[in-house]
Amino acid sequence: MPANPAHAPGMPVVTVIGDGQLARMMQTAAIEIGQSVRLLAGSGDSSAAQICRDVELGDYTDLEDLRRATRVRADGTIRPVDAVTFDHEHVPTEHLRALQADGISVQPGPDALVNAQDKLVMRKRLREIGAPVPPFMAIESVEDAIGFAEVVDGKVCLKARRGGYDGHGVWFPDAEELPVLVDKLLADGVPLMAEKKVDLARELSAMCARTPSGEVKAWPVVESVQRDGICVEAIAPAPGLDDGLATRARDLSVRVAEELGVTGVLAVELFETRDAAGQPEIFVNELAMRPHNTGHWTQDGSATGQFEQHMRAVLDYPLGDPSPVAPVTVMANTLGADEDPDMPMKDRFAAVWRRFPQAKIHWYGKGYRAGRKLGHVNVPGQDGSPEGVAATRREADLAAGYIVNAVWADGYAEK
């Protein structure tokens, strides 16, 4: 039987488990460097399945579906793909170990990935390696929650240990709400942890990539702007970030990757706060072991974007240069408006490009839904001064706003 025509002869094949926009952008990056993707997708019309030629439909919680997706037919034989990676962290750990036992190269491996799957496991491991984390505790009863609240003066952030994203699975209850909420969640079978709510100055993201053989390269630290728990904007590099703190954050991402054995792209989401003396300090919020929303700016603002870097890393290729190619790059997410305007999307794109020809639109091929991540816009700026950064942020915000609303927020009208 001939080789699968979806894959270039003699080039590696990577299975991506997951079918969202991250898998979609891994595929487009892989194409440019001769690689190709075999996709395990939940549906044939998903964001990634639209553009991948080799799609296996299945359930990522089913081991046999995973096994089918991690083999490719070539030259009359069936052989394992060269690597398996993910666009989410939710594949059961025991299934990943079974794939490894089958001889599959799983990147990142289950020993690393469990730290992105379970927030309590992650907090404990980070504490072991000396990474800065807020005070935390496993919550197995209402009494646990009340006792923890007393220790942290009521500054409680309650989290589901598994499955939360984009603000889901995170609560900030007051003293009256806490026992009722914990009782309900535990009764519903939700494993919980709590940590001290920090006095947040802003959120940062420190990202790097690591190969199985140990090469690591890091991008500049970025500022992540959140709204309702969802990242709406990333500014690279983070404006006004103290050089020492920037170095600490970047070095921290590298240390986490090395200590936890992460392969591929790692995002370390950080809280920037102030200590008792008013000096800036950082705490780890979350880990993501895959390309990340706060790294989308790298597609147009870095010599090597995160998706290409991830595909290189999981195959143990030499990593690319992560240096910025512009003094500032701003990424703005395009989230579905409350109502979808009548103007065709292609016409909205055209209007944005006429006004901001430097804007790079990345679209995910998803159907409209209010609040849904439909795409993002990257705008590289040539002025890294505070005024220049503000101007670039404004352009990115206007462009993203027009794409979802078909109206210029500043009243601009084409001549």
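**Exercise 1. Surroundings of Ala 359**

Task: In this predicted model, find which residues Ala 359 is in contact with, leaving aside its neighbours within four places in sequence.

Solution. Start with the position: Ala 359 belongs to the loop that runs between helix H11 (345-355) and strand E18 (360-363). Next, list the contacts. With neighbours within four places in sequence left aside, Ala 359 is in contact with Val 352, Trp 353, Val 377, Asn 378 and Val 379. A further pair can be located by C-alpha atoms: Ala 359 and Pro 380 are 21 residues apart in sequence, and their C-alpha to C-alpha separation in space is 7.5 Å. Last, assign the burial class. The relative accessible area of Ala 359 is 3%, and the cut-off for buried is under 20%, so Ala 359 is buried.

**Exercise 2. Surroundings of Ala 8**

Task: State whether Ala 8 is buried, partly exposed or exposed, and name its contacts beyond four places in sequence.

Solution. Ala 8 is placed in the segment before strand E1 (13-17). Its relative accessible area is 35%. Leaving aside neighbours within four places in sequence, the contacts of Ala 8 are Gly 34 and Ser 36.

**Exercise 3. An aromatic cluster**

Task: Classify the ring pair of Tyr 402 and Trp 408, then find which residues ring pairs link with them into a cluster.

Solution. A pair of aromatic rings is described by two quantities, the distance of the centres and the angle of the planes. The structure holds five aromatic pairs. For Tyr 402 and Trp 408, the ring centres are 4.3 Å apart and the planes are at 25°. Planes under 30 degrees apart count as stacked, so this pair of Tyr 402 and Trp 408 is stacked. Both partners can be assigned a burial class: Tyr 402 is buried at a relative accessible area of 7%, and Trp 408 is buried at 8%. The cluster linked by ring pairs consists of Phe 356, Tyr 402, Trp 408 and Tyr 412.

The charged end of Arg 355 sits over the ring of Trp 408, 4.7 Å from the ring centre. Arg 355 also lies over the face of Tyr 412, where the distance to the ring centre is 3.9 Å.

**Exercise 4. Packing of H4 and H5**

Task: Determine how helix H4 is oriented to helix H5, and list the residues that make the contact.

Solution. The helices are H4 (residues 110-117) and H5 (residues 119-128), and they pack at an angle of about 110° with their axes 5 Å apart. Angles of 65 to 115 degrees count as roughly perpendicular, so H4 is roughly perpendicular to H5. On the H4 side, the contact is made by Val 114, Asn 115 and Gln 117, and on the H5 side by Lys 119, Val 121, Met 122 and Arg 125. Sorted by class, the contact of H4 with H5 has three nonpolar, two polar and two charged residues.

**Exercise 5. Packing of H1 and H10**

Task: Repeat the analysis for helix H1 and helix H10: what is the packing angle, and which residues make the contact?

Solution. H1 (residues 21-32) and H10 pack at about 75°, with axes 8 Å apart. H1 and H10 are therefore roughly perpendicular to each other. H1 contributes Leu 22, Met 25, Met 26, Ala 29 and Ala 30 to the contact, while H10 contributes Phe 307, Glu 308, His 310 and Met 311. By class, the contact of H1 with H10 has seven nonpolar, one polar and one charged residues.

**Exercise 6. Backbone details**

Task: Characterise the peptide bonds from Gln 107 to Pro 108 and from Ala 236 to Pro 237, and the phi angles of Asp 316 and Ala 406.

Solution. The bond from Gln 107 to Pro 108 is cis, with omega near 0°; Pro 108 lies in the loop between helix H3 (93-101) and H4. The bond from Ala 236 to Pro 237 is cis, with omega near -10°; Pro 237 is in the loop between strand E14 (230-236) and helix H8 (243-260).

Turn to phi. Asp 316 is not a glycine, yet its phi is positive, about 65°. Asp 316 is in the loop between helix H10 (306-314) and strand E17 (328-335), and counts as partly exposed at 33% relative accessibility. Ala 406, also not a glycine, has a positive phi of about 60°. Ala 406 is in the segment after helix H12 (386-405), and is buried with a relative accessible area of 18%.

Definitions and conventions
Residues numbered from 1 in each chain as written. Predicted model: local features only at pLDDT ≥ 70, side-chain atom pairs only at ≥ 80, totals over all residues. Heavy atoms only, no water. Phe/Tyr/Trp six-rings, centres within 6.5 Å; stacked < 30°, edge-to-face > 60°. Buried < 20%, exposed > 50% of the residue type's maximum accessible area, 1.4 Å probe, protein only. Lys NZ or Arg CZ within 6 Å of the ring centre and 35° of its normal. Axes fitted to C-alpha atoms, helices over the stretch in contact; angles between N-to-C directions. Helix = DSSP H or I, 4+ residues; strand = E, 2+ residues; numbered from the N terminus. Parallel < 35°, antiparallel > 145°, perpendicular 65-115°, else oblique. Contact = heavy atoms within 4.5 Å. Nonpolar A, V, L, I, M, F, W, Y, C, P; charged D, E, K, R; others polar.
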